[in-house]
Amino acid sequence: MSDFVIKAPAIPSVPVNGGGRFPVRRIFCVGKNYADHVKEMGGDPKKTPPVFFTKPADAVHTGGALIYPLATDNLHYEGEMVVALKSGGMNIPAGTAGEHIFGYAAGCDLTRRDLQAAAKSEGAPWDAAKGLDNGAVVGAITVAEDIDTLDAGILSLSVNDEIRQQADLSTMIWSVPEIINRLSQLFELKAGDLIYTGTPEGVGPLVLGDTCRIEIDGLQRVEFTVTQAA
Ligand code: MN
């Protein structure tokens, strides 16, 4: 018997290709990881230390209908490759980072861009801009054993079948092993962690009725449609 004084919340999870579900512990995200996106956001794409932020684990959304979020008039898509960890640690060397990877998925870092712009101008935290309900879209995870490597391949995002973002994963400023190395110097990583690896150029708004699809070579696509609250 548990001592919980209210009903314990469900553990957020993501389907795995081939069966089963991946339980989510934490969601980490990398900002500014493709030079052309850094430029479109008005930044300087020289290789500075990666920017990390987090989303709540229960922000995971695995596709289908997605209710337009509260408190924004400028919901943006950011198509991203997502890494799922089966183990972790602190100060993980880049050379052994791959041993901790369970698999990979296509995802979308949904962003309340208007709240982010306000936070940036005020020097305020990004939590409200990035930690929105259902703001971590992620498709089924393909286990790493089924993939040779995932350091190259085309990532594309379409809205209503029109391509809006397209880039090769090899153009990331920080590679997946480097991200795991850097992130594990800030946090002890553990099994169940998801890492959103950043978005290429072409971010833009979603409106009611839009269907957004993210595809990455070798992975299962994920698709969601923005709907009105009931
Ligand atoms: Mn992002």
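Which residues lie nearest the centre of the largest cavity? In this predicted model, they are Gly31, Lys32, His37, Glu78 and Trp126. In total, 17 residues line the largest cavity. Its space amounts to about 130 Å³. A search of the whole structure returns one cavity of 30 Å³ or more. By class, the lining of the largest cavity has seven charged, six polar and four nonpolar residues. Strand 3 and helix 2 each contribute at least two residues to this lining. Helix 2 gives the most, with three.

Helix 2 spans residues 113-122. Its buried residues are Arg113, Gln116 and Ala119. They sit on the same side of helix 2, because they cover an arc of only 120 degrees around the axis. An α-helix has 3.6 residues a turn, so residues three or four places apart point the same way. On the other side of helix 2, Ser121 and Glu122 are exposed. The cover over the buried residues of helix 2 includes strand 7 (75-77), strand 10 (111-112) and helix 3 (127-130). Glycine 123 follows helix 2 and has a positive phi, near 65 degrees.

Two residues named at the cavity centre, His37 and Glu78, are also among the contacts of threonine 199. Threonine 199 is placed in the loop between strand 15 and strand 16 (204-205). Is threonine 199 buried or exposed? With a relative accessible area of 2%, threonine 199 falls under the 20% cut-off and is therefore buried. Its side chain has two polar partners. A polar atom of the threonine 199 side chain lies 2.8 Å from the backbone oxygen of glycine 79. The side chain of glutamine 165 is joined to that of threonine 199 by a polar contact of 2.8 Å. Not counting residues up to four places away in sequence, threonine 199 touches Tyr34, His37, Glu78, Gly79, Glu80 and Gln165.

Asparagine 33 occupies the loop between strand 3 (27-31) and helix 1 (35-40). Its relative accessible area is 0%, so asparagine 33 counts as buried. The asparagine 33 side chain meets backbone atoms at two places. One of its polar atoms lies 2.6 Å from the backbone nitrogen of tryptophan 174. The side chain of asparagine 33 also reaches the backbone oxygen of threonine 197, at 3.0 Å. With neighbours within four places in sequence left aside, asparagine 33 is in contact with Thr171, Met172, Ile173, Trp174, Ile179, Thr197 and Gly198.

One of these contacts, Ile179, is a buried residue of helix 4. Val176, Ile180, Asn181 and Leu183 of helix 4 are buried as well. What covers the buried residues of helix 4 includes strand 3, strand 4 (51-55), strand 8 (79-85), strand 9 and strand 15 (194-196).

Helix 4 also takes part in the largest pocket. Which element gives the most to the lining of the largest pocket? Helix 4 does, with three residues. Helix 4 (176-183) and strand 9 (101-109) each supply at least two. The largest pocket holds about 290 Å³ of space. Of its 18 lining residues, Tyr104, Leu150, Asp151, Val176 and Pro177 are the closest to the centre. The lining of the largest pocket has 12 nonpolar residues, with four polar and two charged.

A further site is threonine 225, in strand 18 (residues 222-227). Threonine 225 has a relative accessible area of 27%, which means that it is partly exposed. Its side chain makes a polar contact of 2.8 Å with the side chain of threonine 211. Leaving aside neighbours within four places in sequence, the contacts of threonine 225 are Gly64, Ala65, Leu66, Gly209, Asp210 and Thr211.

Technical notes
Residues are numbered from 1 along each chain as its sequence is written. This is a predicted model: local features need pLDDT of at least 70, side-chain atom pairs count only at pLDDT 80 or more; totals for chains, interfaces and linings use all residues. Side-chain values use heavy atoms; hydrogens and water are left out. Helices (H or I, at least four residues) and strands (E, at least two) are DSSP runs, numbered from the N terminus. Buried means under 20% relative accessible area, exposed over 50%, partly exposed in between (1.4 Å probe, protein chains only). Contact means heavy atoms within 4.5 Å. A polar contact is a pair of N or O atoms within 3.5 Å; within protein, one must be able to donate a hydrogen and the other to accept it, and residues adjacent in sequence count only if both atoms are side-chain atoms. The arc is that of the directions from the helix axis to the C-beta atoms. On a 1 Å grid over the protein atoms alone, a cavity is a set of points where a 1.4 Å probe fits but cannot get out, and a pocket is an open set with protein on both sides within 12 Å along at least five of seven lines; lining residues have an atom within 4 Å of a point. Grid points are joined across faces, edges and corners, and a volume is the space filled by probe spheres set on the points. Ala, Val, Leu, Ile, Met, Phe, Trp, Tyr, Cys and Pro count as nonpolar, Asp, Glu, Lys and Arg as charged, and the others, Gly among them, as polar.
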